[in-house]
Amino acid sequence: MSGQVPCRARIVRRIQESPTIFTLGIELLESNQRKRFSFTPGQFNMVYLYGAGEVPISIVSDPEDETMLDHTIRVVGRVTRGLALLKEGDEAGIRGPFGRGWPLDAVHGKDVLIITGGLGCAPVISVINYILRRRADYGRLTILQGVKHSEDLIWRQRYERWIEQPDIDVRLAADVGTGNWPWYIGRVTALLDGVEIDAQRTIVMMCGPELMMARAVGSLASKGIPGGAIWMSMERNMHCGNGLCGHCQLGPKFVCREGPVFQYPEIESLLAIRGV
Amino acid sequence: MAFLLHHQLQSLLDVLAGEGYQCVGPQVQDGAIVYAPLASAAELPRGYRDQQGPGEYRLVRENPQRFFAWANGPQALKPLVFAPRESAWQARRESGGALSFAPVAPQSRPTAVIGVRACDLAALALLDRHFLHESSPDRYYAARRDDLFLVAVNCTHPAATCFCASTGDGPDATSGYDLVLSELDDGFIIEAGSNAGQRALAQLQLDTDSKAQRSTAAAATANAAQQQSRCVPSRNMRNLLFANLESPHWEEVAQRCLACGNCTSVCPTCFCHAHREEPAIDGVHSHHVREWDSCFSQGHSYIHGLTVRSHTRERYRKWLVHKFGGWHDQFGRSGCTGCGRCITWCPVGIDVTAELAVLNAGGQGK
């Protein structure tokens, strides 16, 4: 029965992250629903716009923040174009949270390597913040983020701040860079070559285009990282969130219920096969 | 077990009506046998036989005394439990912009279905596993499912498209029914499969059936199994299909497939449905509707501006690999119960058993 009808919600904060990407800080209006709502980084909500419908959006805020749920959204279609017009104080609906998030238990005490591409950074941002607030509980933290064009990078100040921190290794890559891009130009997966990795104690979390993730898996294998240490967030069409409507299937997996985060061996044979 | 004479069939309908059920049964409409509300046994397709083939369905007159001397029509039980279209919830927007949400209660009433086939009972058991999944049972499906009373009829006249014997789902109904009938020339052996069925049967006050009648009925269904010429190469093709995702045969099928989605509509186990928003013209209400969708549609695999399965090759592959492969992972068996509807109702006559046979033989064209 969970999440079959939206909860009333209100926009309490709106941040324009880039010309086409924005973040909505959303508060559930019913206090009992607000108290009951708990999520794991990597899970997603169906965000409802009156008269237009729903879109699946990962929750990027801190799971311990009980006041607000942040959703970072790129304008691509009918519903997201409408959501982009919402202002602080406007109402929306939230169904969720859905799916399986990142394996926080498996990561505890380990080195963490995060590889993301484009807006794939959004489903992972919550887990990065989670780790940073409990920094002593984890080993080495490495973040590799790639974008197609240097202007696509969102959260630039946040990345710059992390780059300054001694206890995080942050590297950025753009396939195409402009003058204002001091970092690597090329594929994010190429950054892996320069990263120090202890294959025995590293857990990898990835989100981004499937080809990027498949390429990264190849590099990681050559560094001796076992497939079981690699987790990735997958993306498919989602309507219901409950594993019933059938749209999210990746081979035999219902991504909305069994994922979106998968351990690599679970989807190894399906990754980056066109049209599966 | 007991024997119900043909002229007593109406009394069975009367008993079920007395138990509070609306009766739904097979009837001839627009040249096909469909399930529709049944007021009297006279509306049943007595004397009809269906001739089915790839892309072909015709009714002919034959066997004037028989009520169920046909295999099936385009509908299974699916539309009775999984509505082709229904409202899931409704949003209301006040003039100040405040929203409220109200679930729409399932619409259902006790329904007795007459003339259910073994393949469709097996398909219903599969839909149960999907829609009543423990993590998030679907309340619309659950309400209608609870309201069903199923009167099965063992198959004696399979169509040329039937292959339930090879999937292990027919022609005999073995479970999942409240009553089961075996039709002979003068009536039916009738047997209960549930307490509700037992209760209905007790009200009919019938004579017991004879050993001779039972052996005639058993011979008829055994013969129905033998008549089936189509078959699946194996009941578990999972590994074969997932190992052949890049077979050239998918493109060969795509040259013929129209991606129309007829196969998924008539399939008794296809469960995909889309959620759509339909704002009312009053500007105050918006209906969140769900309706059947098909993996052959362009929108089915849409994500943020791109279509994952943009080609028919990928959509046909998705359907077949899911039905005969992915279902094993998801539900412990193939999603096909051998009803043959996807063969009959395909406008270009693509035959799933033939395509499976080609893939099984290594993907080389026919």
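This is a predicted model: local features need pLDDT of at least 70, side-chain atom pairs count only at pLDDT 80 or more; totals for chains, interfaces and linings use all residues.
Reader: How much area is buried between chain B and chain A?
Author: The size of an interface is often given as the accessible area lost when the parts come together. Here the contact takes 41 residues from chain A and 53 residues from chain B. Carbon and sulfur atoms give 58% of the buried area, which is about 3700 Å².

Reader: Which element of chain B supplies the largest share of the side that touches chain A?
Author: Between the two chains, 22 residue pairs are in polar contact. Several elements of chain B each supply at least two residues of the side that touches chain A, among them β6 (85–93), α3 (118–131) and α11 (312–331). The largest share, eight residues, comes from α11(B).

Reader: Which residue of chain B forms a salt bridge with R274(A)?
Author: The rule finds one salt bridge across the interface of chain B and chain A. A salt bridge needs the nitrogen and the carboxyl oxygen within 4 Å. The closest N and O atoms are 3.8 Å apart, and the partner of R274(A) is E314(B).

Reader: Is D30(B) buried or exposed?
Author: D30(B) sits in the loop between β2 (22–29) and β3 (32–37) of chain B. Its phi is near 55 degrees, a positive value in a residue other than glycine. Exposed means over 50% relative accessible area. Because D30(B) has 83% relative accessibility, this residue counts as exposed.

Reader: Where in chain A is P97(A) found?
Author: Most peptide bonds are trans. The bond from G96(A) to P97(A) is cis, with omega near 0 degrees. P97(A) belongs to strand β6 (residues 91–98) of chain A.

Methods: Residues are numbered from 1 along each chain as its sequence is written. Chains are lettered from A and ligands numbered from 1 in the order in which they are written. Side-chain values use heavy atoms; hydrogens and water are left out. Contact means heavy atoms within 4.5 Å. Buried area is the accessible area (1.4 Å probe) that two parts lose on being put together, summed over both. A salt bridge is a side-chain nitrogen of Lys or Arg within 4 Å of a carboxyl oxygen of Asp or Glu. A polar contact is a pair of N or O atoms within 3.5 Å; within protein, one must be able to donate a hydrogen and the other to accept it, and residues adjacent in sequence count only if both atoms are side-chain atoms. Helices (H or I, at least four residues) and strands (E, at least two) are DSSP runs, numbered from the N terminus. Buried means under 20% relative accessible area, exposed over 50%, partly exposed in between (1.4 Å probe, protein chains only).
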